[in-house]
Amino acid sequence: MSSRRDVLRIFSLCAGVLAGLPRLLQAGKLALGLDKAEKLKKVGGSALLKIKERELLFVRESEDSIRVLDPTCTHKKCTVEYHAEAKALICPCHGSTYDLEGKVLKGPAEKPLKAFEAKLSDDKIIFSLD
Ligand code: FES
């Protein structure tokens, strides 16, 4: 009798831990379905999206990778644009150029763009704004 109760208690404990696991693994992560941004379904596509009151530039780098950056140029705060043919982010105001990691390739900007951790998982973009 007591062993049956123990088994139920253990089962209940395991179920509770398993139910909370995805939440723990996803702590601080955001998910965006590719269906929300058609342009990101193709390699070379990009989209400027507002997420959690923050403007973000998403760039589909390859079949299995995506970049998420703060598009605010570090020179004088214009919004950079993705140029697929150059695989670079270029500021329309004074020409600062950044690579897809946000590093400055050409000034006048001196500081990199803020880049966020991001990955593709099935048809979702999983990223963090930390
Ligand atoms: S604001 Fe971007 S280069 Fe000046």
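Me: Which residues does Lys-103 touch, leaving out those up to four places away in sequence?
Reply: Lys-103 touches Tyr-98 and Pro-112. Two residues are in contact if their C-beta atoms, placed from the backbone, lie within 7 Å. The structure is a predicted model, in which local features need pLDDT of at least 70 and side-chain atom pairs count only at pLDDT 80 or more, whereas totals for chains, interfaces and linings use all residues. Residues are numbered from 1 along each chain as its sequence is written.

Me: Why is Lys-103 called partly exposed?
Reply: A residue is buried if 20 or more other C-beta atoms lie within 10 Å of its own, exposed if 12 or fewer, and partly exposed in between, with C-beta atoms placed from the backbone. Lys-103 has 13 other C-beta atoms within 10 Å, so it is partly exposed. Lys-103 lies in the loop between S7 and S8. The C-alpha atoms of Lys-103 and Lys-114 are separated by 9.0 Å, and the two residues are 11 apart along the chain.

Me: What makes Glu-117 count as exposed?
Reply: Glu-117 has 12 other C-beta atoms within 10 Å, and therefore it is exposed. Glu-117 is placed in the loop between strand S9 (115-116) and S10. With neighbours within four places in sequence left aside, Glu-117 is in contact with Phe-127 and Ser-128.

Me: How do you know how many helices and strands the protein has?
Reply: Helices (H or I, at least four residues) and strands (E, at least two) are DSSP runs, numbered from the N terminus.

Me: What makes S1, S11 and S10 an open sheet, and in which sense do they pair?
Reply: Two strands pair if DSSP finds at least two bridges between them. Five bridges join S1 to strand S11 (residues 124-128), and S10 and S11 pair over four bridges. The three strands form an open sheet in the order S1-S11-S10, with antiparallel pairing. Its edge strands are strand S1 (29-33) and strand S10 (118-121), each of which pairs on one side only. The hairpin of S10 and S11 has two residues between the strands, and in it Asp-122 takes a positive phi near 55°.

Me: Why are S5 and S8 said to stand at the edges of their sheet?
Reply: The order of this open sheet of four strands is S5-S6-S7-S8, and its pairing is antiparallel. Strand S5 (81-83) and strand S8 (104-106) each have a single partner strand, so one side of each is left without a neighbour in the sheet. Within the sheet, strand S6 (residues 88-90) and strand S7 (residues 97-98) pair over two bridges. Ile-90 stands opposite Thr-97 in S7.

Me: What makes a group of residues a nonpolar core, and which members of the largest one touch the most others?
Reply: A nonpolar core is a set of buried Ala, Val, Leu, Ile, Met, Phe, Trp, Tyr and Cys residues joined through C-beta atoms within 7 Å. The largest such core has 20 residues, and Leu-57, Phe-58, Ile-66, Val-68, Val-80 and Ile-125 touch the most other members. Strand S3 (54-62), strand S4 (65-69) and S11 each give two or more residues to this core. The largest share, four residues, comes from S3. Apart from neighbours within four places in sequence, Val-68 is in contact with Leu-56, Phe-58, Phe-116, Ala-118 and Phe-127.

Me: Which residues form the covered face of S11, and which the uncovered one?
Reply: Ile-125 and Phe-127 form the covered face, while Lys-124, Ile-126 and Ser-128 form the uncovered one. In a regular strand the side chains alternate between the two faces of the sheet.

Me: How do you know where caution is needed in reading the model?
Reply: The predictor's confidence in each residue is its pLDDT, from 0 to 100. The mean pLDDT of the protein is 85, and 79% of its residues reach 70 or more. Over residues 13-25, however, the pLDDT is below 50, and this stretch has zero contacts in the model beyond near neighbours in sequence. Where pLDDT is low, the predicted coordinates should not be read in detail.
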